[in-house]
Amino acid sequence: MNSSQKPLVTVVGALSKQGRSVVQTLLQSQRYRVRALTRRVDSREAQELARLGAELVAVPLELGHKPLFVEAFQGARAAFLMTPPIAPDANYAESDEAPLGKELADAAVEAGVEHIVFTALENVDSITAGKKWVPHFTDKGRVEEYIRALPVTSSFIYMAFFYTNILEYYPPRLEGDTLIFPLYLPENHRAPFVDPLTATGPAVLEILDNREKYAGQSLPVIGEFLSPREIVDTFSRVTGRKAAYSSAFTREELVQHFPSFAGMNALVDEVVGMAEYAVEHGYYRPNRDTEWSRRVNPASLTWEQFLKATGWQGESARFGLPQD
């Protein structure tokens, strides 16, 4: 099959952790052409995707650009859609995340896309009857519900907690010769974690290779289930460094460990609500197939493999890129 005959997939948020994984995996499979959407087509990261074979299109991942989205989806058989978590201006205020997701989906349908893969999460507001406020979960859940009502085939992936969040947003601090890990879950609570940089693409490739099989399905993407104690113990074993857990589960603990969060009430409430939801209700609904991603991608990194692959020693690190 020559290149022009390969199905075209448009990838939204191509420079995000998930987007980069999808673009790279689809191109490496040599079964798809990829149109990568980013506002920063001249960036080093975008040019690297172009060198791999991606067609770059300058489109900001923001509400209010539907005509640009429609044009970018033209000719694509499938589209990978994502919405970045958009922090509300105040507690319980609405953000642009759900409207953006709906605008993207409408544009894909208008352009004639046959299959949408959206990276969603559980609707926490629905599961908890409004008792937990976790907008970056709920907004994605609402977008999924909206897409399901559209005249298009759709599938959904549910990413677990990111390993990379520990390095980027909740990094350990050194006290004497010991790295203190302030983690937002109780020490022995096991939750799903994943490396978005390597796990997202294989999951999306599996879906696009088997579109009829996965039509209408919501599929968790997981590296492994871990407790904070296991995270810390594995880090010490792999790196040889002394490390200890410290709770950042409550609001007071979170702000104490991360003083920069003080005054960011909406963010703090969301993080605390997310942690409480995960502990009280489980990260996923009980009927989700939490073994699926490991079956279709046995190479999905465990935390130990992630540490060895990155060589991380406890320093603050950046894997994300400026807003796409």
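Tutor: Helix α3 (residues 66-73) and helix α4 (residues 97-111) have axes that come within 8 Å and cross at roughly 45°. The model is a predicted one.

Student: Why is α3 called oblique to α4?

Tutor: Angles under 35 degrees count as roughly parallel, and 65 to 115 as roughly perpendicular. The crossing angle of α3 and α4 is roughly 45°, and therefore α3 is oblique to α4. The hand of this crossing is right-handed.

Student: Which residues of α3 and α4 meet?

Tutor: From α3 they are Lys66, Phe69, Val70 and Phe73, and from α4 Leu100, Glu103, Leu104, Asp106, Ala107, Ala108, Glu110 and Ala111. Sorted by class, the contact of α3 with α4 holds eight nonpolar, no polar and four charged residues.

Student: What makes α4 and α6 roughly parallel to each other?

Tutor: Their axes are 8 Å apart and the packing angle is about 25°. The limit for roughly parallel is under 35 degrees, so α4 and α6 are roughly parallel to each other. α4 passes α6 in a right-handed crossing.

Student: Which residues make the contact of α4 and α6?

Tutor: α4 gives Glu97, Ala98, Gly101, Lys102, Ala105 and Asp106, while α6 gives Pro135, His136, Asp139, Lys140, Val143, Tyr146 and Ile147. By class, six residues in the contact of α4 with α6 are nonpolar, two are polar and five are charged.

Student: What makes a space a cavity and not a pocket?

Tutor: A 1.4 Å probe fits in a cavity but cannot get out, whereas a pocket is open. A search of the whole structure for cavities of 30 Å³ or more finds two, and the largest cavity has a volume of about 40 Å³.

Student: How do you know that the lining of the largest cavity has no polar and no charged residues?

Tutor: The lining consists of Ile166, Leu183, Tyr184, Leu185, Phe193, Pro228 and Ile231. Ile, Leu, Tyr, Phe and Pro count as nonpolar, and the division of that lining is seven nonpolar, no polar and no charged.

Student: Which residues lie nearest the centre of the second largest pocket?

Tutor: Glu94, Asp125, Trp133, Thr138 and Arg142 do, out of 13 lining residues. The second largest pocket holds about 170 Å³ of space. Helix α6 (residues 135-148) supplies the largest share of its lining, four residues.

Student: How does the lining of the second largest pocket divide by class, and which residues count as charged?

Tutor: The lining of the second largest pocket has five nonpolar, three polar and five charged residues. Asp, Glu, Lys and Arg count as charged.

Methods
Residues are numbered from 1 along each chain as its sequence is written. This is a predicted model: local features need pLDDT of at least 70, side-chain atom pairs count only at pLDDT 80 or more; totals for chains, interfaces and linings use all residues. Side-chain values use heavy atoms; hydrogens and water are left out. On a 1 Å grid over the protein atoms alone, a cavity is a set of points where a 1.4 Å probe fits but cannot get out, and a pocket is an open set with protein on both sides within 12 Å along at least five of seven lines; lining residues have an atom within 4 Å of a point. Grid points are joined across faces, edges and corners, and a volume is the space filled by probe spheres set on the points. Helices (H or I, at least four residues) and strands (E, at least two) are DSSP runs, numbered from the N terminus. Axes are lines fitted to C-alpha atoms, for helices over the stretch in contact, and angles run from 0 to 180 degrees between N-to-C directions. Angles under 35 degrees count as roughly parallel, over 145 as roughly antiparallel, 65 to 115 as roughly perpendicular and the rest as oblique. A crossing is left-handed if the near helix is turned anticlockwise from the far one by less than a right angle, and right-handed if clockwise. Contact means heavy atoms within 4.5 Å.
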